[in-house]
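Have the model open beside you as you read.

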Amino acid sequence: MPTETTDYLIVGAGIAGASLAFELRALANSVTLLEAEDQPGYHSTGRSAAFFSETYGNDAIGALTTASRAFFAQPPAGFCDTSLLSPRDVIILAGPGELDELGARYAEMRKVTDDVSLETVDFALERMPVLRRSAVAGCLWEPGSQRIDVHALLHGYLRGFRRGGGRLVTGARADRIERRRGLWSVATPAGDFHARVLVNATGAWADQLAERAGVSPLGLQPLKRTACLIETEPAIDCADWAAVTDLHESFYCMPEAGQLLLSPADESPVPAGDVYADDLDIAVVVDRFETVTTLQVRRVLTPWAGLRTFAADRSPVVGFDPSVDGFFWLAGQGGYGIQTAPAMARLAAGLATGTDPAADWLRLDPDRLSPGRFPM
């Protein structure tokens, strides 16, 4: 079985690991990217309905999203053959009695962007004609939000990484991790790998991988998010509709490949693993959708679930572990890993190589967290 030595060994080839590998290719002599599955992005990245919205997430997420805008708008030459962004405006619904709360949310969003407005019930019905008038008191409109082509983004990063001399190895689950004489040694079914720096970009498995490496976990918690495509009665042509959610994000729906995608926006704590949609979660979102609209769900076509992993403060974790040399965290992106990937990867590459030690301007270092604590 082959043995390989590299400067940087990144474990996890989802959007976090792939984007960092892309940025490191020009800063390091050698970078290897390991993926446990047979294809990159299987668990979280490939199941994401990703948006670019500067108002989605906390202050750290908003700053990283804004800093990623230029990359999404104009990726490097040869990165992809299609646009990474496509227009998809968002409306946020307020129900009866929620107009004051709607106004407060509007004031908060205006601190981030001018590209948001308070609108009427009639406006909401223009953007989604099947809304039930009695269920809506008003709405917020974010016309500049956009869908992200997740497949093009992930494979653009991977393609650029390989062109730059990086190596991607799939089917390479990190079974045994040891540190010997200043190097990390990782045994996998695809061979043994040695590296000066080990990057933990394993998403929901980040704490598990850390413990395998003798590093204290940070209390990262995987949360399940459910979604489905539906067929309605009557049939609809929803291609030009806005994406819709409510003030409490109790559901969202959006056009998706000629169908309508629904999610209860659930965050159910689960162990790291391959997750599936529960019938109850699907029933919940169908009920919420039918309460807000005049449509009936005739059939659920495709249900699925994915993982969103958070630290206690719901901000990402980026930086070297304070207690173990050469162990670098890139984890806890939650549901924001796609929209923040360009800025997050640049920040992480600067910290991992020491080329930009001031890169952690958002204080995302692992030292800020108390191990093993995640308030629910």
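Two strands are said to pair if DSSP finds at least two bridges between them. Strands here are DSSP runs of E with at least two residues, helices are runs of H or I with at least four, and both are numbered from the N terminus.

Before going further, note that this is a predicted model, in which local features need pLDDT of at least 70, side-chain atom pairs count only at pLDDT 80 or more, and totals for chains, interfaces and linings use all residues. Residues are numbered from 1 along each chain as its sequence is written, and side-chain values use heavy atoms, with hydrogens and water left out.

An open sheet is built from three strands in the order 3-8-4, with antiparallel pairing. Strand 3 (51-52) and strand 4 (85-87) are the edges, each pairing on one side only. Two bridges link strand 3 to strand 8 (residues 146-148) in the antiparallel sense. To find this spot, look for Phe 51, which stands opposite Arg 147 in strand 8.

**The cavity**

A cavity is a set of points on a 1 Å grid over the protein atoms alone where a 1.4 Å probe fits but cannot get out; its lining residues have an atom within 4 Å of a point. Grid points are joined across faces, edges and corners, and the volume is the space filled by probe spheres set on the points.

How many cavities of 30 Å³ or more does the structure hold? There is one, and the largest cavity has a volume of about 40 Å³. Its lining includes Ile 15, Ser 19, Leu 330, Gln 333 and Met 344. Helix 1 (15-24) and helix 8 (341-353) are the elements that give two or more residues to this lining.

**Backbone details**

Most residues other than glycine have a negative phi, and most peptide bonds are trans. A cis peptide bond joins Glu 233 and Pro 234, with omega about -5°. Pro 234 sits in the loop between strand 13 (221-233) and strand 14 (243-246).

Two residues other than glycine have a positive phi.

Note on methods:
1 Å grid on protein atoms, 1.4 Å probe; cavity = no way out; pocket = protein on both sides within 12 Å on 5 of 7 lines; lining within 4 Å.
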